[in-house]
Amino acid sequence: MSWQWFHRLGSPRWFYQKSSAWLPWLGGAALLLLSVGIVWGLGFAPEDFKQGNSYRIIYIHVPAAFLALAGYYIMAISGAIGLIWKMKLSFVVMRAAAPIGAALTFIALFTGAVWGKPTWGTYWVWDARITSMLILFFLYLGVMALSGAFSREQSGDKASALLALVGTVNIPIIYKSVDWWFTLHQPATLKLTEASTIDPSMFYPLITMIAGFYLFYAWVLTLHTRTMILQREGRTQWVRELLGAPAPTKA
Amino acid sequence: MQFQFDSLASFFAMNGHGPYVWASYGMVVLVLVVLAVTPVLRQRKLRREFQQQLRQEEARRRAAAARSASQRTAEAVE
């Protein structure tokens with residue numbers, strides 16, 4: 001079996017050239033789904049009989065929390081691939097995933113707090129789910145800080161990949177927190193193994209928003225990765241030519 | 001499927017939950033826009049800085065060429 005594709009996949013140049021064709025599709029589909037989902041969730045989905053209109057926050061809170069977790073997997077797995085196979089590109093993806101994940105975790109925490117006020121009567125409690133999400137936020141910030149803390153780029157790559165891997169213990173805790181410590185946060189609305197506790201009229205806009213957030217994530221991760229490639233590969237000839245340097249003339 | 005509110009005013013009010021709902025959605029839109037715009041701005045900055053660096057390299061090369069040329073003429077005069 002030829003491993004050529006695997007090595008090509010690890011090449012920043014190959015990724016930069018291929019991904020420019022994906023960008024408009026990813027971005028267009030993400031913006032379309034997000035705008036449909038937002039209008040649907042805000043104006044057309046029925047009101048919740050218990051929580052009233054505040055429940056409409058679910059359409060951004062749940063997708064953001066989904067992606068905050070999925071983004072952590074992506075970051076940690078990229079870090080692991082970088083450590084094992086020394087792929088340049090995977091460390092770049094890991095670094096790019098950290099601020100995006102932090103932003104999505106922040107959205108989940110912020111919308112959760114604002115939703116908590118009319119529903120639970122408080123912005124913040126030290127509930128198991130909320131606390132473990134806060135730890136996730138700090139893990140993302142930690143990876144960001146550690147990756148920039150070394151003068152040698154490779155040392156920053158390795159150290160932050162290790163931190164990301166160690167931090168994965170937090171992920172099952174987040175998933176299980178609502179079942180292990182039944183405090184304030186409600187259990188999962190969407191379940192893979194059994195019927196969801198949500199009406200179809202509310203489920204469809206929610207799944208639209210989740211799909212929109214996934215596509216948005218893929219789009220933005222590609223954008224950030226490409227930018228970081230230009231930054232890190234600034235001395236290579238192909239980046240110099242891309243940025244407007246004249247092609248080398250053979251003397 | 002139909003619009004759930006009788007008027008635009010009641011849509012904004014959300015039955016008293018308006019501030020919470022709109023604050024959440026506003027924050028989300030803001031964060032998503034920042035996520036999408038920052039790499040574009042950073043690329044533009046990289047390009048600008050690189051162009052500047054190119055111009056400096058070019059100027060240095062020209063200065064060096066001029067220096068060696070004047071040196072050669074000076075040697076020729078002697």
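**Notebook: helix α6 of chain A**

I looked up burial in α6(A) and found that D157(A), S160(A), A161(A), A164(A) and G167(A) are buried, where buried means 20 or more other C-beta atoms within 10 Å of the residue's own, exposed means 12 or fewer, and partly exposed lies in between, with C-beta atoms placed from the backbone. Seen down the axis of α6(A), these buried residues fall within an arc of 125 degrees, so they line one face of the helix; the arc is that of the directions from the helix axis to the C-beta atoms.

I note that this is a predicted model, in which local features need pLDDT of at least 70 and side-chain atom pairs count only at pLDDT 80 or more, while totals for chains, interfaces and linings use all residues. Residues are numbered from 1 along each chain as its sequence is written, and chains are lettered from A and ligands numbered from 1 in the order in which they are written.

On the face of α6(A) turned away from the buried side, I found the exposed residues Q154(A) and V166(A). I then checked what covers the buried residues of α6(A), which includes α3 (58-85), α4, α5 (128-147) and α7 (170-180) of chain A; helices are DSSP runs of H or I with at least four residues, numbered from the N terminus.

Leaving aside residues up to four places away in sequence, L163(A) touches G142(A), V143(A) and L146(A), contact meaning that the C-beta atoms, placed from the backbone, lie within 7 Å.

Note on methods: Helices (H or I, at least four residues) and strands (E, at least two) are DSSP runs, numbered from the N terminus. Two residues are in contact if their C-beta atoms, placed from the backbone, lie within 7 Å.
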